[in-house]
Amino acid sequence: MKRFATLLETLALTPSRNRKIEALAAYFSDTPDPDRGYALAVLTGALSFAHVKPARLKQVVLAEVDPHLFALSYDYVGDLGETIALIWPHKGGMRELPSLSNLVELLNTTPKSELALLIAELLTSAQINERWALVKLATGGLRIGVSERLAKTALAEMSGMDLKDIEEIWHGIKMPYGDLFAWLDGTSPKPEIDHTARFHPLMLSNPIDEDKDFASLDPADFVAEWKWDGIRVQLILGDGPASLFSRTGEDIAPAFPDLVENVFGHGVLDGELLVGNNFEPAPFNALQQRLNRKSATEKLIGEHPAFIRVYDMLFDGDEDIRALPWIDRRARLQDFFADQTQSRLDLSQLLAFSDWEQLGAIRRQGADENGHEGVMIKLKSAPYVPGRPKGNWFKWKRDPNLVDAVLMYAQRGHGKRSSYYSDFTFGAWRGNELVPIGKAYFGFTDAELKELDKWVRAHTIQSFGPVREVEKSLVFEVAFDSAQASTRHKSGVALRFPRINRIRWDKPATEAANVDEVENLIPAT
Amino acid sequence: MAQVLDRDLHIRRIDTYVDPTLPRERAIITHGHADHARSGHQKVLATPDTIAIMQTRYGPDCAGSFQPLEFGQPLRIDDVTITLYPAGHILGSAQVLIEQDGQRVVVTGDYKRLPDKTAQPFELVPCDLLVTEATFGLPVFQHPHPSEEIAKLFKSLAAHPGRAHVIGAYALGKAQRVISLLRDAGYDAPIYLHGAMQRLCDLYIERGIALGELRHATEATKAELAGAIIIAPPSALKDRWSRRLPDPVLAMASGWMSVKQRARQSGIELPLVISDHVDWPELTQTVTDTGAATIWVTHGREDALVYWSRQQGLVAEPLNIQGYEDEEQEQ
C-alpha cells in the first residue's frame, strides 16, 4: 500500500503529463501482480466496493470528530478524502497496512456490520498519505488529474505496445488484469476477447474552428447531420438480449427495457439515445428523468418511450467494418434498416448542402426554429477510429444564447478548485424579485476565479451551511445552448450548458435580464 | 474586560492600538510581518528585533519614534502595565500582556509553540482574556514535525540530483527558518537565495542567527544550481525568474501545504508543511493552558475555534478585523 500511496501522491502533485506517465510506467513495471492490476483498476475507476461508500466513511469519522467541526473542515478543504485523511484524530503509521490486493479483498469480504471498525483501524494504522490514498481507494473519485487514457498510455509506454491495441481489448478484460500484464510483459499472447458482446470505444468529434477549418476543407468531401440533443450510446445486437452502453462503456440497458427488448438484427450500432413518440425527440430534460436510474417505471416508459437515432455501424453482423470509410459503413447501415422494420431505431438523416455558407444557414435555422444544438460534419472517407482523431468528425455548435444574470449564491468548488467560491447560482428579474435561473461553475479564467472568490467573501450577506448568499449586485453574462421549460426551478426555466461568458463588473444589477426574455427562448413543442 | 481592550485592539486607557491597520498616534507592534507592522504610526513600541526588522523593510523613518521594550520587562503607563512575551513566530515576535485593575489581557499576535532557532521560544502567559490568531483554526491542520518535511526534501534531492529545488518561502521568517532547519539536519552545502531574501537574511545573521553559507542565485551557473537548494519568495516560483533554473522542482514551505489540493492549485510539486503558526491541537491546547475565560479570535478560520471554545464553556467571539491577511496565503 505504501508504494501505491506514494504513486497517487506523485500523480496528484506532478503537473507534467510526461512525468506522470513515467511514474505510472515505473510503478506498473516494478509492482507484482495482482497489486498492479488493482492499482490500474483504481486509476481507471473500475474498482468499487458494494458497502464502502463516502457516506459510510463519513459515519466512521463522525464517530470520532465533532460533526460541525467536520463540516467546517470539509467546506474548507473541498475534498472528502483529504478532509478525512487530515482530520482523523488518531496518529498512526505504527503498523504496516496490508498490500493493495489484500486490502481490496478485506474491503470486499468484511461483513457490513464490521466494516466501520475495520475502516477505523486502517485509518489509524495508516500514515498521513496512506490515509489519503486509502480513502481515495475506498470511495473512488480520485481527482488527481489522471484519466483512464493516461493510465493506458503509461501501459503502452512501459511495454512498447500500441495504445490502440490496449484500447481495443480494454472493455473485454477484467481486473486484476493478469492476462493484460502477461501480454504486456511478453509472456503470453494478446488476450482474446469476445468482440460482439463488448463495448467498443467510440469515435469522437472535435469542435470546428470556423476561421481556420472551413478555408481548408472541401465541402464535397463531407456529409452533415443534425447534432442530436440526447446521449451517445452503443447498441449491440446479437443472439442474446441487446446490450446498451453509454459513451464511457457503462451498461445502461436495465434503465431502458422498452428499448432493448424491441430492437432486432445483428451488429454494433452507434447513435443518440432520445425519448419521444414517433421518433419525435422530446427536450433533454425529459430524457434526463430516465437517466441515472437502475430501472424504469411503467409510467415513465409510457410518458417518455426511448429510441435511438442511429448514425454509424461498427460491426455488420460479426464483421468488424470499422476500417471501412464512412460512406461504405453508411451503405451497410442503410441496408440494415432496409432489411427489417424497427420501432425503436431510426436512421439519422443527412443534410443536403453544397458549401459551408449554406450549411451555416441550415444550422442557424435549425437552432432558431427547432432548437437544434448544431450540426455534425463527417469526412466521407474516414474509418471509424476510437478516440478523437483530428480532421475526421467535427461538431459545429449553434451560437450560444446570452443573458445578463445576477449572482445570487456561491458555493465552494471541488477538486482543483476546492476552497475557492466557484459554483455560482444566478438569477433573472421577475418584477422586483430575482429568481434563480441556473448554476455555472466554469467559463472564467483562474485569475477571474480569484477575483470572484474575493468578491464573494467581501459581499456575503448570509450563509446557509456551505452556501453563501451574496449582495445582489454582480452581473454575469451567461452563455447557454438552449432554454427549456422546467418545473423543478422556481423560475420555470432551465438552461442547457450554462457557463460564465463574461463578468460584467461594470453593469448594474437592475439592468440584468427579466425571466420572460429567457422564456422566449424555449422552443415551442 | 471590554474596558481594558476594545474589539479593534485599542487599549482605551492609554489610547494605544495593537497592530493597527491604519496610521495611529501610538501603536504596539507584535512582529514585523506586513499585515501587523505598518509604516506611518507616530510612536511605536516593540521588541528591539521587531524595530530592526521594520527599519530594514520600511526605512529608518517609518514611524515618528521607536521605543524598544525587552521581553519580560514590564512597562507602566498610567495605571496600565504592558509586558512583551516571546511568541515563537519569527525573530522578535511578541505577545502583548496588558494588565489593568487586576485584569490580564493577552494579544498573541501570530505564534507557534514548536522550537525554532530563529525565534525566541514561545512562553505561555496566563490571562483572563485571550485574543488569539486562528490562521490554522480547523481540525484538519495537524502539522507534521518539520524534520519529516526536511527529510522529504532530501529524498527528492536524492531522487532528482539534476534538478534545482526551489523552495517558496516568505522572505521574513520562513526563509530563515527553512535554512536553519536544513543546517540542523546536517545540510552544509551553500544555499542559494533569490535577491529578495538577502537583506532579511543579513539582518538575522547580524542579530546572531547562524545560517551557514548563502549565495546569490543570480550569480550562480546552471551547473552549480543543478541539485542545489534555492530559496525564493513564493511569487517568484511562477515567474520568469524560476524558468532559468535547471529543470526546477517547485517546492513551498507553508502550513497550507498540508492540503494537497491547495498545493495542486498553486502548481507545487513538493509541498513542505512547515508552518510558523500553531496548528489546531496547539491552538486548542493554548486556549486551555492560558486559563482564559474569554476568547477573542482574530484573523483566520474563526468559526471553528469560536465554536470549540464555546463547547468548552468559554465565552468566545470572532473579531473580524479587516485587513489582516495571512502573509503566506496571500503570496
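Me: Before anything else, where do domain bounds come from?
Reply: They come from an automatic or database domain assignment. This is a predicted model: local features need pLDDT of at least 70, side-chain atom pairs count only at pLDDT 80 or more, and totals for chains, interfaces and linings use all residues. Residues are numbered from 1 along each chain as its sequence is written, and chains are lettered from A, ligands numbered from 1, in the order in which they are written.

Me: OK, which domains does chain A have?
Reply: Domain 1 (206-397) and domain 2 (401-519). Their centres, taken over C-alpha atoms, are 33 Å apart.

Me: How many residues are in contact there?
Reply: Five from domain 1 of chain A and six from domain 2 of chain A. Contact here puts the C-beta atoms, placed from the backbone, within 7 Å.

Me: What classes are on the domain 1 side?
Reply: Two nonpolar, two polar and one charged. Ala, Val, Leu, Ile, Met, Phe, Trp, Tyr, Cys and Pro count as nonpolar; Asp, Glu, Lys and Arg as charged; the others, Gly among them, as polar.

Me: Switching to chain B. How is that divided?
Reply: Into domain 1 (10-140 + 277-330) and domain 2 (146-272). The C-alpha centres of these chain B domains lie 28 Å apart. Domain 1 of chain B puts 17 residues into the contact, and domain 2 of chain B puts in 15.

Me: Which helix gives the largest share of the domain 1 side?
Reply: α1(B), with four residues. Helices are DSSP runs (H or I, at least four residues), numbered from the N terminus.

Me: And the classes on that side of chain B?
Reply: Five nonpolar, seven polar and five charged.

Technical notes:
Contact = placed C-beta atoms within 7 Å. Helix = DSSP H or I, 4+ residues; strand = E, 2+ residues; numbered from the N terminus.
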